[in-house]
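Welcome! Take a look at the sequence and the structure below, then try the exercises before reading the solutions.

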Amino acid sequence: MHAIALALTALILSAPVLAAGPQAPPATPAPAAPLRCPEDAEGGACVWGKAEGYDAGAVQVRGLHIALAGIAAPGRKDWCASKSAKDEFDCARPARKRMGEALAKGVACEIVDVASGQLWGRCRVAEGDLGRLLVQAGLARAAKDGPYAEAQKQAVAARRGLWAADMILPRDWETARRKAADED
């Protein structure tokens with residue numbers, strides 16, 4: 001039913017408008033076509049549509065929970081800190097915010113692996129590869145031997161997100177907190 005509605009919407013949007021005389025250009029740009037899986041996918045399964053839920057490193061589409069392959073995103077229990085603000089915060093919050101913005105126009109995920117009951121996929125959004133976007137913004141790390149090593153080098157060099165100069169990462173934050181407690 002959902003696919004039929006999308007097909008009808010696409011047909012209506014692409015139909016020529018019949019009118020006498022020249023037409024003025026539309027005041028607002030036409031909405032982009034929804035993201036879909038490519039027809040020539042490499043034999044793997046692909047799911048597309050509106051994201052029903054998401055976290056810093058995973059997305060839920062059509063009832064399937066798909067972890068983003070090639071990245072390691074902070075979890076909800078990982079706490080970071082800013083040296084300048086001397087404030088703790090949920091490390092995954094910025095990644096969740098960016099995911100929400102990127103997923104607003106839909107997502108298409110190609111399933112690349114199934115391990116221990118978990119689906120792993122590479123997902124595309126209107127802006128491009130979702131994993132690459134998160135790594136380039138410094139909101140996730142590139143997994144070892146993954147496709148995003150160059151994107152992480154760019155984020156580290158630009159000191160974005162988790163790589164910011166005043167950022168204390170979770171593993172370092174616990175050590176810093178213990179040192180501060182010992183000095184008191």
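This is a predicted model: local features need pLDDT of at least 70, side-chain atom pairs count only at pLDDT 80 or more; totals for chains, interfaces and linings use all residues.

**Exercise 1.** Find which parts of the chain are tied together by the salt bridge between Asp55 and Arg76.

*Solution.* Begin with the contact: the two side chains meet at 3.6 Å, N to O. Then place each residue: Asp55 belongs to strand E2 (residues 51–55), and Arg76 to the loop between strand E5 (71–72) and E6, so the pair joins parts that are 21 residues apart in sequence. Finally, check accessibility: Asp55 is partly exposed at 26%, and Arg76 is partly exposed at 48%.

**Exercise 2.** Decide whether Asp90 and Arg96 are buried or exposed, and find which residues are linked with Glu127 in a network of salt bridges.

*Solution.* Buried means under 20% relative accessible area. Asp90 has 10%, so this residue is buried; Arg96 has 14%, so this one is buried too. Their closest N and O atoms are 2.6 Å apart, in a salt bridge.

Turn now to Glu127, which forms a salt bridge with Arg98 at 2.5 Å between the closest N and O atoms. Glu127 lies in the loop between strands E9 (118–125) and E10 (128–129), and Arg98 in helix H2 (residues 93–103), so the pair ties together parts 29 residues apart in sequence. The network links Arg98, Glu101 and Glu127.

Note on methods
Residues are numbered from 1 along each chain as its sequence is written. Side-chain values use heavy atoms; hydrogens and water are left out. A salt bridge is a side-chain nitrogen of Lys or Arg within 4 Å of a carboxyl oxygen of Asp or Glu. Helices (H or I, at least four residues) and strands (E, at least two) are DSSP runs, numbered from the N terminus. Buried means under 20% relative accessible area, exposed over 50%, partly exposed in between (1.4 Å probe, protein chains only).
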